[in-house]
Amino acid sequence: MTILVTGGAGFIGGNFIYYERKHHPEDSIICLDSLTYAGNLSTLSPILDQPNFRFVKLDIRDRAGVYQLFEAERPDIVVNFAAESHVDRSIESPEIFLQTNILGTQVLMDACRKYGVQRFHQVSTDEVYGDLPLDRPDLFFTEETPLHTSSPYSASKAAADLLVMAYHRTYGLPATISRCSNNYGPYQFPEKLIPLMIANALNDKPLPVYGQGLNVRDWLYVEDHCKAIDLILQKGRAGAIYNIGGHNEMKNIDIVKLICKELGKPESLITYVADRKGHDMRYAIDPAKIHRELGWLPETGFSDGIVKTIGWYLDHRSWWEPIVTGEYRNYYKRMYGGR
Ligand code: NAD
Ligand code: TYD
């Protein structure tokens, strides 16, 4: 079996490649990634020279390049992680989100149609459902919840999801979609909440909490997400959408305080800054369908997962320090400078 993993030099795609390597060592993996600011080839350096693995630097929007790759490799399965993934950047510059997340997905699906695949899997997000009010803890996102997006990022992901379903219905593309809640774990780019707070705390820098820090996210350890996608590839029905989440809702401020505690840093580092525009209040996934149909359950609870994650960032400074001292500094100044 040959699996084409797009966006595999990013956070979840990289973890997925390691998951597949461990659980299906007989499969060949091709990683396609254009190495944007969020792609980090050093994530994959231990396996770059392994047999059954190939890295290809390519943009999913490059139709001719993508067709050439399909012609040469004839992947059986395509898992699309390649995306612009950060909400704050989408508020600053929406266009690249539409190009990569929508048109890039279309190019991949056209290649799948042209060359034939057993499965195209689109990695989507719970953010396509918009948000839930804080005072209705009884409400959760199911696969039937209407799409109701808030940011250019989530709008681009929802548009891609609709296109995937259209390709399934119109052309019979054997496609599946998963919509997962917020992930955390090793190799996450330090612009996202948890690694940003860990990196800043370790450097005794202010911890910028948006608004009052009361927004709720439903956190899942990245390996549990990878396991769910692997199950969908094996047993999921073409045309189906699966929500993935572990019922682990937490307020942002509580996460930041926990990170301070684990690292022995003072809460006085916490700095409340201007809120994100259009900031979603609460995400909460109902994962009943994937549990019922595929038997998926998360394995890593938040208290273990966050300790493992903090430990990973402590042990892998050489992975993230070049990021926070490099070009990323300009982004940080733009995003947080006058906030
Ligand atoms: P990431 O930003 O860490 O990684 C994205 C990867 O895609 C990078 O390696 C980047 O170089 C690559 N890429 C970007 N544009 C590309 C292009 N045009 N062509 C080829 N490669 C390109 O993102 P992530 O957090 O790993 O997210 C992966 C997927 O999972 C995304 O589709 C995202 O929407 C979805 N998702 C993320 C989360 C989360 O909490 N991080 C939760 C649910 C769903
Ligand atoms: P993020 O990791 O960007 O994920 P998403 O917006 O996709 O859920 O942010 C998680 C939450 O943390 C979100 O409510 C915004 C908040 N946040 C901060 O308070 N400060 C920060 O510096 C960042 C990056 C996020």
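Buried means under 20% relative accessible area, exposed over 50%, and partly exposed in between (1.4 Å probe, protein chains only). This is a predicted model: local features need pLDDT of at least 70, side-chain atom pairs count only at pLDDT 80 or more, and totals for chains, interfaces and linings use all residues. Residues are numbered from 1 along each chain as its sequence is written, chains are lettered from A and ligands numbered from 1 in the order in which they are written, and side-chain values use heavy atoms, with hydrogens and water left out.

The theme is salt bridges (a side-chain nitrogen of Lys or Arg within 4 Å of a carboxyl oxygen of Asp or Glu). The structure holds 16 of them.

**Stop one.** Select Arg89 and Glu191. Their side chains form a salt bridge, 2.7 Å from N to O. Arg89 sits in helix H3 (residues 87–92), while Glu191 is in the loop between strand E7 (183–184) and helix H6 (193–202), 102 residues apart. Helices (H or I, at least four residues) and strands (E, at least two) are DSSP runs, numbered from the N terminus. Are these two residues buried or exposed? Both are buried.

**Stop two.** Move to Glu293 and Arg237. Their closest N and O atoms are 3.2 Å apart, in a salt bridge. Glu293 belongs to helix H9 (residues 288–294); Arg237 lies in the loop between helix H7 (222–235) and strand E11 (241–244). Glu293 counts as partly exposed because its relative accessible area is 33%. Arg237, at 45%, is also partly exposed.

**Stop three.** Pick Glu321 and Arg317. This salt bridge spans 2.8 Å between the closest N and O atoms. Both residues lie in helix H11 (residues 317–325), four residues apart, about one turn of the helix.

**Last stop.** Select Arg63, Asp110 and Arg113. Salt bridges with shared partners join them into one network.
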